[in-house]
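Reader: I'd like a close look at a single part of this model. Keep it brisk.

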Amino acid sequence: MKAVHFGAGNIGRGFIGEILSKNGFHIDFVDINESIINALKESKEYDIAYAAKDGETIHIDNVDGLNNGTEPEAVVEAIASANLVTTAIGPNVLPYIAELIAQGIQARQAANITEGIDIIACENMIGGSDFLREKVETFLTEDNSAYVEKYVGFPNAAVDRIVPDQHHEDPLFVSVEPFREWVIDTTASKATDIRLEGVHYVEDLEPFIERKLFSVNTGHATVAYAGAFYGYKTIDEAISDERILNLLQNVLKETGALLINKWNFDAKEHKAYAQKIVGRFENPHISDDVTRVARTPIRKLGPNERFIRPIREAKERDLEYQNLIDVVGMIFHYDNPEDKESEHLQAMLKEQSIEQVARTVTEIDDEIILNRIVAAEANLSK
Ligand SMILES: NC(=O)c1ccc[n+]([C@@H]2O[C@H](COP(=O)([O-])OP(=O)(O)OC[C@H]3O[C@@H](n4cnc5c(N)ncnc54)[C@H](O)[C@@H]3O)[C@@H](O)[C@H]2O)c1
Ligand SMILES: O=P(O)(O)OC[C@@H](O)[C@@H](O)[C@H](O)[C@H](O)CO
């Protein structure tokens, strides 16, 4: 069995690679990072270490690297003969790999391959594979699209494991938290024979992705933006500040109330899920940079993202959302010149009012929410 995985970064090597390898797949990692790809081509193996007391090390072999920047034809060929395609490159990058995936699909059709294949976006976003499919379709003819309808699935997925940025002598070594959860929607699957051990297959992904995004990621981002606001460099340092821990607990209560209301999660079980997340952020064996977790703030302020969607939905249901608003205020204060989106956000704020910027990036037109965001940001400026 052969998998092509786009994005040989933290989660790609540190999670997707582990599961695919355990399931006996040969993995072609595709990336534009030359040093990572060259290292993969050379060693064809790497190690994953669990960041825990006496954490075990997992050896991954039977892997290779392909550079989509310099050897696109090889990537197309790899897709043509693959059994599974996965991605973990970031939502903003998906449009840039769509054409190559389309060419891979066209090559499969030209070779009359009628074995179903799934293309699974493992990104932190709702409907990631649907979004990728939309982008891929723009490069397909009607005839190609008919082939996709029959033989190519784009099942949505949710992936959860904290994998910080890596700083080791060995560029392939990756240290990860032991926790992991990968959930895949079966309804759009075309590779129905492939059911990976270690993956939870469901018929309705929405509750899972929302629970993950609005608990783990909303919480994580809360610690990161509050951490940056109070001058901390890492997540574990930030969460040791009581102001930030309290804010995190309050934010998790707000999203928890929404998730329980919307999806009927058991309140007690959800509380335990949220408390476990706090423990994961406190993991003393992991050092996760605030800048990684706070990265791409404009994306994180998007209408279906970790703050704005729960705020909108909490308001619709008459639930509390002030702590979420307070963190949104902090995002507008996030100023990291090394992060292009943060730079862009700060440049927008120099030219337009906070209200105008908030309207643009969050796409909110609800005056009550907008006023509360403006007030929260102003409060922080005092
Ligand atoms: N790290 C985590 O804890 C974690 C956990 C769950 C989900 N995710 C999600 O996984 C995705 C990747 O995150 P990450 O933390 O692994 O990021 P990362 O930056 O470590 O890895 C992304 C990789 O994509 C590569 N890349 C960028 N542009 C490319 C292009 N045009 N073509 C091919 N490769 C390209 C980069 O070189 C990099 O190696 C994101 O959507 C993230 O939200 C991350
Ligand atoms: O990857 P992002 O930028 O969407 O979010 C940053 C982190 O919160 C995220 O990578 C988490 O570590 C991960 O989602 C845990 O499963």
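Which residue follows helix H4, and is its phi positive or negative?

Author: Asn 112 follows H4, and its phi is positive, near 55°. First, the ground rules. This is a predicted model, where local features need pLDDT of at least 70, side-chain atom pairs count only at pLDDT 80 or more, and totals for chains, interfaces and linings use all residues. Residues are numbered from 1 along each chain as its sequence is written, while chains are lettered from A and ligands numbered from 1 in the order in which they are written.

H4 covers residues 94-110, 17 residues in total. Helices are DSSP runs of H or I with at least four residues, strands are E runs of at least two, and both are numbered from the N terminus. From first C-alpha to last, H4 reaches 24 Å. That is close to the expected 24 Å at 1.5 Å a residue; the expected span is 1.5 Å times one less than the number of residues.

Now the burial. Among the buried residues of H4 are Leu 94, Ile 97, Leu 100 and Ile 101. Ala 102, Gln 103, Gly 104, Ile 105, Arg 108 and Gln 109 are buried too. Buried takes 20 or more other C-beta atoms within 10 Å of a residue's own, exposed takes 12 or fewer, and partly exposed lies in between; C-beta atoms are placed from the backbone. An α-helix has 3.6 residues a turn, so residues three or four places apart point the same way.

H4 also takes part in the shell around ligand 1. That shell has 25 residues, and Gly 7, Gly 9, Asn 10, Glu 123 and Asn 124 come nearest. Two or more residues each come from helix H1 (10-22), strand S2 (26-31) and H4. A residue counts as near if its C-beta atom, placed from the backbone, lies within 6 Å of the molecule or strand. H1 gives the most, with three residues. By type, the shell divides into 14 nonpolar, eight polar and three charged residues. Nonpolar means Ala, Val, Leu, Ile, Met, Phe, Trp, Tyr, Cys and Pro; charged means Asp, Glu, Lys and Arg; the others, Gly among them, are polar.

Last, the record. UniProt lists "domain: Mannitol dehydrogenase N-terminal" (unreviewed entry) at residues 1-198. Its positions use the numbering here, feature names are shortened, and annotations may be inferred rather than shown by experiment. Over residues 1-198 the chain is 35% helix and 25% strand. The end C-alpha atoms of that span are 17 Å apart.
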